[in-house]
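Subject: Structure handover

Hello,

Please find the structure below, with the sequence alongside. My notes on what was found in it follow.

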Amino acid sequence: MPAIVLGRFLVQDRYERELQLRVRNPMSQYSDMLSRALAVPVWTLDKAVANQFIQAVMRNPEVVSVEVLDESRTIFVRNSKLKKADARFLREERPILLESKVIGSIMLELTTEHIEKELWTDFLKLGAALLVQVAFSFFLIWLLFERRIVRPIQELQLVTARLARGKLDQALEWLRQDEIGNLAQGLDKMRLNLGHLITEREKQNIVLQQELNERLRAEQALKVTEEKFTGIFQASPVAMTVLRKAQHYSMIDVNDAWVRQFYWSHDEILGDAETQKALWRNEEDFLEILRIVERDGEIHDYEAWLTCGQQEKIILCQVSGRMIRLGNEPLIILVQEDITEKRQNEQEIRNMNTTLERRVSERTQALEAANSELTVVLENLQRAQRELLRTEKMAALGSLVAGVAHELNTPIGTSVTVASTLAQHTDDVLHEFEKGLRRSVLEEYLRNAKTGADLLLRNLSKASELVISFKQVAVDRTSANRRVFALDEMLSELIVTMGPTIRKTRHDVIHTVPSKLLMDSYPGPLGQVLTNLINNAFIHGFEGDFRGTVSINARIVDEHFVEMVVSDNGKGIPDTNLSRIFDPFFTTRLGQGGSGLGLNIVYNLVTGILGGNIAVESDFGKGTRFIISLPLAPKLNDSEGHMSD
């Protein structure tokens, strides 16, 4: 950094000297020379000579422009080079004198660009040289520091780590007698001192350990018997008592389970002989237990009543015990297990067994009576369900009859009117014929007769189509016979028959079914299914002034099945109701046109006599889709014979 700062001042000084030498001095010389040389050309207006002088000056790269002005400050001649916007320029103006009279002036402009560029290049070279010098110096200093300080400190760290691990047998060797060498010698002395101290400590530890082992063996021999007995005794989950024969079989210890069972503390039961006697409700039981143990050395499952502490509670205990010897002293260990609750449970079980058969018999009779009632109710429910299904079907058929009758009224009424008109015209022609029939009257009669015949044929054909469609639908609905039919024709007949009902609404029913798709099935139940789905869309899917569309599409899935999709663009079904729509009597418009049986009938017909399955998909607010999968020829079952009957 000092070199860079000092170098800046040196470069600045050089810049000033170069500027004076290469710019200011030549500019002064050029000005003097041109002011004298151009006096005559300016006076004689000889621009060619003036340009020659100026061209000679312009050869200097520092000269940017030379401008010669006449006495009226008008440019006489001028020459210049391209100027850079960021360059620095020096200007000087001199008068042109002719015999001490000012006849014009000359203006020179020189640039310092070349000097500054050369000086900047020199400054960069100086900086690069300084950078190389600094890098080289840093490398030499780092090499010296690494060799003289870092490596010795790392070696001392390794030695210190070895001493910390307790390896004191390897001496520290250091050749240089500097500060680090003195530190290494100090560490080596510390190693030797630590070795002596550790050796002495180990000798003392060996002696102390031997003495400690002897004392531990002696104490272990004294406590081993007591610890074994105490561990087993206190760990037992049942109440245990230790009796000492030398003290007339007084209690000398009880375990924790005994304290929890009898509600006496250790001090209360062990320090008072009267309390020990009060433990036994009958003292004869205690004496009998002692006699058996002395005779046989043990006793098993002897039952006796004992008192529980301050609660004045008596419990039945099962007493077992054995006589043991601890050294030369005989002891009796008794186990007193509380079996009061066990005996009570056994008694309760016996009591329950005595009444179990009676309860089973009573409940069996009650269940038989309930089953009889449920059977009757089920039969009534099945009859009611069949009646409701029949009523619903007949109501649908009645609706079709009313619609078809209304639809037939128009073509038949028109036909009657046309026929009566033709009869009147015929009477008129006969009357004219008696008087003498004119050609014009006959021609008019024939035209009217042709028009009337056309009207009669169209209206009677329309009525005939309605009657044929209704007849086929009515036969299918009432008989439910199995037959081979084309699905598209059956669907067309159904829509024609429902035409009056559909036209009462603003809605449309469209269908797309492959032609000549033959099914050997039951057109009546299938028509009932489609009718109920269309009516369900009209009642529940479309509300207000909304104009809806019901689409019926069919496609062949494989050689055995056909899939029908009945969809609408109504309001859809909420997710909470999707799982319940096929339940009987479930409706969201009770008393408003919904009976709750329409979709239940659909489900029973599809999954029953038609042998297929039905599923529903709905996006609330966007519409509903019923997907019906039907076999082209369902298997024969019992329901077919029943429906045929």
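The side chains of E362 and R358 form a salt bridge, with 3.4 Å from N to O. The term salt bridge stands for a side-chain nitrogen of Lys or Arg within 4 Å of a carboxyl oxygen of Asp or Glu. Both E362 and R358 belong to helix α10, where they are 4 residues apart, about one turn of the helix. Helices (H or I, at least four residues) and strands (E, at least two) are DSSP runs, numbered from the N terminus. E362 counts as partly exposed because its relative accessibility is 45%, and R358 counts as partly exposed at 46%. The cut-offs are these: buried is under 20% relative accessible area, exposed is over 50%, and partly exposed is in between, with a 1.4 Å probe and protein chains only.

Before the rest, some background. This is a predicted model, in which local features need pLDDT of at least 70 and side-chain atom pairs count only at pLDDT 80 or more, while totals for chains, interfaces and linings use all residues. Residues are numbered from 1 along each chain as its sequence is written, and side-chain values use heavy atoms, with hydrogens and water left out.

The protein as a whole

The protein has 645 residues, of which 35% count as buried. It contains 17 helices and 16 strands. Accessible areas come from the Shrake-Rupley method with a 1.4 Å probe, and for residues only the protein chains shown count as cover. For contacts (heavy atoms within 4.5 Å), the count starts with residues at least 6 apart in sequence, and 60% of these contacts join residues at least 24 apart.

Other salt bridges

The structure holds 18 salt bridges. One of them joins R482 and D520, whose side chains meet at 3.4 Å, N to O. R482 is in the loop between α11 (439-479) and β10 (483-486) and D520 is in strand β12, so this pair ties together parts that are 38 residues apart in sequence. R482 is partly exposed, with a relative accessible area of 23%.

What else does D520 touch, leaving aside its neighbours within four places in sequence? Its contacts include R483, V484, L632, A633 and P634. Strand β12, which holds D520, covers residues 518-521. At 30% relative accessibility, D520 counts as partly exposed. L487 is 33 residues from D520 along the chain, and the C-alpha atoms of the two are separated by 10.0 Å.

D296 and R295 form a further salt bridge, with their closest N and O atoms 2.9 Å apart. D296 is partly exposed, at a relative accessible area of 43%, whereas R295 is exposed, at 54%. Elsewhere, D32, E92 and R94 are linked in a network of salt bridges.

Surface patches

Which residues gather in a patch of negative charge on the surface? They are D301, E337, D338, E341 and E348. The elements that give two or more residues to this negative patch are β9 (329-338) and α10 (340-435). E341 lies in helix α10 and counts as exposed because its relative accessibility is 56%. D301 is placed in strand β7 (residues 298-308) and is partly exposed at 49%. The phi of D301 is near 55°, a positive value in a residue other than glycine.

There is also a nonpolar patch on the surface, formed by F136, F138, F139, L140, W142 and L143, with about 650 Å² of accessible area together. L140 lies in helix α4 (residues 113-164) and counts as partly exposed at 42% relative accessibility.

Patches are made of residues with over 30% relative accessible area and no salt bridge; like charges are joined within 9 Å, and nonpolar side chains (Val, Leu, Ile, Met, Phe, Trp, Tyr) within 5 Å. Asp and Glu count as negative and Lys and Arg as positive, while His and the chain ends are not counted. The place of a charge is taken as NZ of Lys, CZ of Arg, CG of Asp or CD of Glu.

Two loop residues

N60 lies in the loop between α3 (47-58) and β1 (63-70). Is N60 buried or exposed? N60 counts as buried because its relative accessibility is 14%. K516 is found in the loop between β11 (508-512) and β12, and is exposed at 59%.

Regards
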